[in-house]
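Subject: Structure for you to look at

Hello,

Here is the structure I said I would pass on. Please open it beside this email and read the two together.

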Amino acid sequence: MAIFALIILGYVLFMQTTKDHTRKILLNTARKAFLQKGYKAVSMRELSKLSGVGLSNIYNYFPCKDDLLAVVLHPLLEAMNRILENHNRPESFSLEIFTSEEFHRASMHEVMSLVTHYREEFKLLFLHTQDSRFKDYWEKWIEKSTMIGIEYMEKMKILYPDLYTCVSPFFMHFACSWWINMMKEVVLHEELSCEEIECFISEYIHFSTGGWKKLMNVESNNEERTSLFL
């Protein structure tokens, strides 16, 4: 009985390894094909031919092409969701974020990490997801980011009543769209070196932060708060 159980266990482990290997082949093949030709132009039959995996077998792993695209994009989508989830973390509700070099460096490293790890996935999502369920992904991300930005302003107003936080929803929408376009430019300009990208992102963060600081009247607020202790 013990030998029979070991044989069964070995077979199960072998089959699982085989499935994992097949799944990995399909994902790598789909990623390359989607990026080169676009999501719409690649058929499941073509993926079968390129990967060497039988067409009927592919459907055992991915019932439709959209499911395959979702797994290919999953690491990037998770990273983008974390940005939204972390935006209004407690340490962000401080005037120091407008002047802190530590905050600027952390923001720069966050963007650099995204570009470094997910450049290909970014290009796929920006350029090649028409006719998929991700075709309006960026619009939805900007919409959610806008709501989070407005919530941030409301909480900052409670903490710092003298700040100007009556930013119009459309301006907030524009600011969120601008951030996405910044990422798009960095990702698509492949001629840029890592040093050039880092320099550009640093310039963008300082420029953007300076703009928010002026718009929200942060400097005057800091001066008033400082005068209370003199």
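Below is what was found in it, going from the whole chain to single residues.

This is a predicted model, so local features need pLDDT of at least 70 and side-chain atom pairs count only at pLDDT 80 or more, while totals for chains, interfaces and linings use all residues. Residues are numbered from 1 along each chain as its sequence is written, and side-chain values use heavy atoms, with hydrogens and water left out.

The chain as a whole

The chain has nine helices and zero strands. Helices here are DSSP runs of H or I with at least four residues, strands are runs of E with at least two, and both are numbered from the N terminus. Of the 230 residues, 40% count as buried. Buried means under 20% relative accessible area, exposed means over 50%, and partly exposed is in between, with a 1.4 Å probe and protein chains only. The chain exposes about 14100 Å², and carbon and sulfur atoms supply 59% of that area. Such areas come from the Shrake-Rupley method with a 1.4 Å probe, and for residues only the protein chains shown count as cover.

A contact means heavy atoms within 4.5 Å. Among contacts with a separation of 6 or more, 78% are between residues 24 or more positions apart.

The nonpolar core

A nonpolar core is a set of buried Ala, Val, Leu, Ile, Met, Phe, Trp, Tyr and Cys residues joined through side-chain atoms within 4.5 Å. The largest one has 65 residues, and Phe34, Leu47, Met80, Phe122, Trp138, Trp141 and Trp179 touch the most other members. Helices that each supply at least two residues of this core include α1 (2-37), α5 (101-127) and α8 (194-215). Which helix gives the largest share of this core? That is α4, with 11 residues.

Not counting residues up to four places away in sequence, Phe34 touches Tyr39, Val42, Leu47, Lys65, Leu68, Leu69, Leu124 and His128.

Thr29 is found in helix α1 and is buried, with a relative accessible area of 14%.

Aromatic pairs

The structure holds 12 aromatic pairs. Rings of Phe, Tyr and Trp (its six-membered ring) pair if their centres lie within 6.5 Å; planes under 30 degrees apart count as stacked, over 60 as edge-to-face and the rest as tilted.

Phe122 and Phe126 form a stacked pair, 5.8 Å centre to centre with 15° between the planes. Both lie in helix α5, four residues apart, about one turn of the helix. Phe122 and Phe126 are both buried.

The rings of Phe171 and Trp212 have centres 5.6 Å apart and planes at 75°, so this pair is edge-to-face. The pair links distant parts of the chain, with Phe171 in helix α7 and Trp212 in helix α8, 41 residues apart. Phe171 is partly exposed at 34% relative accessibility, whereas Trp212 is buried at 18%. Ring pairs also link Phe171, Phe174, Trp178, Tyr204, Phe207 and Trp212 into a cluster.

Thr146 and the cysteines

Thr146 is found in helix α6 and is buried, with a relative accessible area of 9%. Leaving aside neighbours within four places in sequence, Thr146 is in contact with Pro169, Met172, His173 and Cys176.

Cys176 is buried at 8% relative accessibility, and Cys64 is partly exposed at 31%. How many disulfides does a search of the whole structure find? The search finds zero, a disulfide being a pair of cysteine sulfur atoms within 2.5 Å.

Two loop residues

Asp131 lies in the loop between α5 and α6 and has a positive phi of about 65° although it is not a glycine. Asn217 is found in the loop between α8 and α9 (218-227), and its phi is near 60°, also positive in a residue other than glycine. Asn217 is partly exposed, at 37% relative accessibility.

Regards
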